[in-house]
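Have the model open while you read.

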Amino acid sequence: MTDSRESRAKAEISFAVNGEPKTVRAYPMERLLDVLRQQLQLTGTKEGCGEGECGSCSVLIDGILVNSCLVPVLQAEGSSVVTIEGLAAGDTLHVLQDCFLECGGAQCGICTPGMILAAFHLWNGKPKPTMEEIQEGLSGNLCRCTGYSQIVEAVAEAARRGTAA
Ligand code: FES
Ligand code: FES
């Protein structure tokens, strides 16, 4: 990696977050996770491992589920990012959020935003996922608290209740 002034210079980077256009001034290799949390105050996105292993920092970029701790903010230029804050409609929670609350799928909450976004991503591709498909769809997201069964049940219950978007 070069250590020139240019490579260390901040740049303006524009992208949409939860449907709203945003322009940030950041180092191109800054983590999207940090820009979301620190510059845009979207602290719903959590940091667990910081190494791409736990999924706590999951967001959607152009509909693709990514670990935002591994994404340089430059990679988001021109894209559409969805964070956990983008799922609720005002004070009305998304049905996935309701079901996580009701089924005990959220305990300490560190994994929860990433789990819900992973479930949202799965659900948009498979509106009626089987239990196996839910387990597979959430397999990149780790939880230390719940033992997973409440999380899988929450996603299954949400699928029984409604439509993904
Ligand atoms: S914090 Fe990004 S994968 Fe764990
Ligand atoms: S609820 Fe604590 S890590 Fe999942």
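Is Glu102 buried or exposed? Glu102 is exposed, at a relative accessible area of 52%; the cut-offs are under 20% for buried, over 50% for exposed and partly exposed in between, using a 1.4 Å probe and protein chains only.

A word on ground rules. This is a predicted model, where local features need pLDDT of at least 70 and side-chain atom pairs count only at pLDDT 80 or more, while totals for chains, interfaces and linings use all residues. Residues are numbered from 1 along each chain as its sequence is written, chains are lettered from A and ligands numbered from 1 in the order in which they are written, and side-chain values use heavy atoms, leaving out hydrogens and water.

**Salt bridges**

The structure holds eight salt bridges, a salt bridge being a side-chain nitrogen of Lys or Arg within 4 Å of a carboxyl oxygen of Asp or Glu. Three of them look like this:

| Pair | Closest N and O atoms |
|---|---|
| Arg161 and Glu102 | 2.5 Å |
| Glu157 and Arg160 | 3.0 Å |
| Glu133 and Lys126 | 3.5 Å |

Arg161 pairs with Glu102, and that link joins distant parts of the chain, from helix α6 to helix α3, 59 residues apart. Helices (H or I, at least four residues) and strands (E, at least two) are DSSP runs, numbered from the N terminus. Arg161 is partly exposed at 42%.

Glu157 and Arg160 sit three residues apart in α6, so about one helical turn separates them. Glu157 counts as buried, at 19% relative accessibility. Salt bridges with shared partners tie Glu102, Glu153, Glu157, Arg160 and Arg161 into one network.

As for the remaining pair in the table, Glu133 is partly exposed at 25%, and Lys126 is partly exposed at 36%.

**Helix α3**

Back to α3, residues 95-103: its buried residues are Val95, Leu96, Gln97, Cys99 and Phe100. Their cover includes α4 (112-125) and α6 (149-161). Just after the helix, Gly104 takes a positive phi of about 75 degrees.

**The hairpin**

Strands β1 (residues 11-17) and β2 (residues 20-26) pair antiparallel over seven bridges; pairing takes at least two DSSP bridges. Glu12 has Arg25 as its bridge partner in β2. Two residues lie between the strands, and Asn18 takes a positive phi near 50 degrees.

**Ser68**

Ser68 sits in the loop between β4 (64-67) and β5 (80-82). Ser68 is buried, with a relative accessible area of 0%. Leaving aside residues up to four places away in sequence, Ser68 touches Arg31, Leu32, Leu33, Thr45, Cys57 and Val59, where contact means heavy atoms within 4.5 Å. A polar atom of the Ser68 side chain lies 2.7 Å from the backbone oxygen of Cys57.

Technical notes
A polar contact is a pair of N or O atoms within 3.5 Å; within protein, one must be able to donate a hydrogen and the other to accept it, and residues adjacent in sequence count only if both atoms are side-chain atoms.
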